[in-house]
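Open the model in a viewer and keep the selection panel at hand. The stops below are meant to be taken in order.

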Amino acid sequence: MRLLILSFMVGLLATPAGATEPDRAEELTHRTYCVHTVTDGLLATGTSYGLVLFHLNDRGFPTRAGALKLEDAVTALASTGGLVFAGNGPRGLVVVDVTNPDAPKEVVRLETPGAVLRLLRWGDTLFAAMGTMGIGVIDVQNPRTPSLVRRIDVPGTTRDLSPGPNDGLMVAAETLTWVLEPSSPHPSVQPSGVPEPGAVALQGKVLVSNGMTLRKVDAGGFIGPGAQTFTYEDDVRDIELLRGGVAVAASSDGLVILEYDGQKNHLAAHLDPGGACTRVHARGTLLFATADAYGFAVYDVKDLKNPVKIYPAE
């Protein structure tokens, strides 16, 4: 009996202070919805657990840091300084202090009219894609006390946001939509001729997904005669610029890197990150992608035609 009590006390001493339940972050990181580099040495991932952080070494290899359990899945990420903005689905926006990556702390929560699906930081403004509730314009001049300034009504379901030409926003909604002067009290919302895009990016001319097809369109969003297209086995869920003239598209068919020569896109590489991929993020020569099988994958894409998979190790 004395031996049993001693073993129990040793177990208590080995448990970190405040750990009232097992840390479930590790088991849930395979359900990763988005990835975002806060700094060269810190990666934030949005999971069904909440926010999970990883230290990155000089090669980009991740090592688990701290985690913050939130009330809902984290579906969008952005950052400034030592703060992370986490789109907490229908729970709105959460600001998290990550100056100590091993112990992230919630700073404040901001309610939003709709679920936060994507985030785009533009200086002191944060634009939130909120599905059927359009775009939320959030003032983050003081990032610890963000405030919802206004809502921009966009026809359809707002799925993706990207910087566009002439300091405007490109929005994937009912159609490819331009939002001119998005920070002004009365922005101009102009639908184009591309129906129901899933994702958009400004690469040379505009690169827009339309279901399983990726298209190059002109600056007005119109598909011209002989417009270049790429077809996949599943819907394209995200498009991200790696660097000037180079973009990556994500779908359950994997990742495709496209290099633009000023006239046409050329296929540079086709990658399998490990199952379906819905979100991608780039920093320098590193590419981070969600992957059903592993949570996320990391590639060095310095050589576009021969990317090197850093994580998980093969």
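Is arginine 118 buried or exposed? Select arginine 118 and check: this residue counts as buried, because its relative accessibility is 11% and the cut-off for buried is under 20%. Keep in mind throughout that the model is predicted.

**Stop 1**

Now extend the selection to Asp160 and Arg279, which are linked with Arg118 and Asp238 in a network of salt bridges.

**Stop 2: other salt bridges**

The count of salt bridges in this model comes to 8. Side chains of opposite charge can pair when their charged atoms come close. Select arginine 109 and glutamate 106 next; they form a salt bridge in which the closest N and O atoms are 3.9 Å apart. Arginine 109 counts as partly exposed at 27% relative accessibility, and glutamate 106 is also partly exposed, at 39%.

Then move to aspartate 153 and arginine 151, whose side chains meet in a salt bridge at 3.9 Å, N to O. Here aspartate 153 is exposed, with a relative accessible area of 52%, while arginine 151 is partly exposed at 39%.

**Stop 3: the nonpolar cores**

Which residues have the most contacts inside the largest nonpolar core? Select Leu242, Leu255, Ile257, Val280 and Leu287, which hold that position in a core of 18 residues. To see where the core comes from, colour the strands that give two or more residues to it: S22 (246–251), S23 (254–260), S24 (265–271), S25 (280–283), S26 (286–291) and S27 (295–300).

Centre the view on leucine 287 and show its surroundings. Leaving aside residues up to four places away in sequence, leucine 287 touches Leu242, Val248, Leu255, Leu271, Val280, His281, Ala297, Val298, Tyr299 and Val301.

Another core, of 16 residues, lies apart from the largest one; select Leu42, Ala44, Val96 and Val98, which are among its members.

**Stop 4: backbone details**

Go to glutamate 181, in the loop between strand S15 (175–180) and strand S16 (188–195). Its phi is near 50°, a positive value in a residue other than glycine. Glutamate 181 is exposed, with a relative accessible area of 57%.

Follow the chain through S16 to glutamate 196, which is found in the loop between S16 and strand S17 (200–203). What is the phi of glutamate 196? It is positive, about 45°, although glutamate 196 is not a glycine. Glutamate 196 counts as exposed because its relative accessibility is 58% and the cut-off for exposed is over 50%.

Proline 312 is found in the segment after strand S28 (308–311).

Technical notes
Residues are numbered from 1 along each chain as its sequence is written. This is a predicted model: local features need pLDDT of at least 70, side-chain atom pairs count only at pLDDT 80 or more; totals for chains, interfaces and linings use all residues. Side-chain values use heavy atoms; hydrogens and water are left out. A nonpolar core is a set of buried Ala, Val, Leu, Ile, Met, Phe, Trp, Tyr and Cys residues joined through side-chain atoms within 4.5 Å. Buried means under 20% relative accessible area, exposed over 50%, partly exposed in between (1.4 Å probe, protein chains only). Helices (H or I, at least four residues) and strands (E, at least two) are DSSP runs, numbered from the N terminus. Contact means heavy atoms within 4.5 Å. A salt bridge is a side-chain nitrogen of Lys or Arg within 4 Å of a carboxyl oxygen of Asp or Glu.
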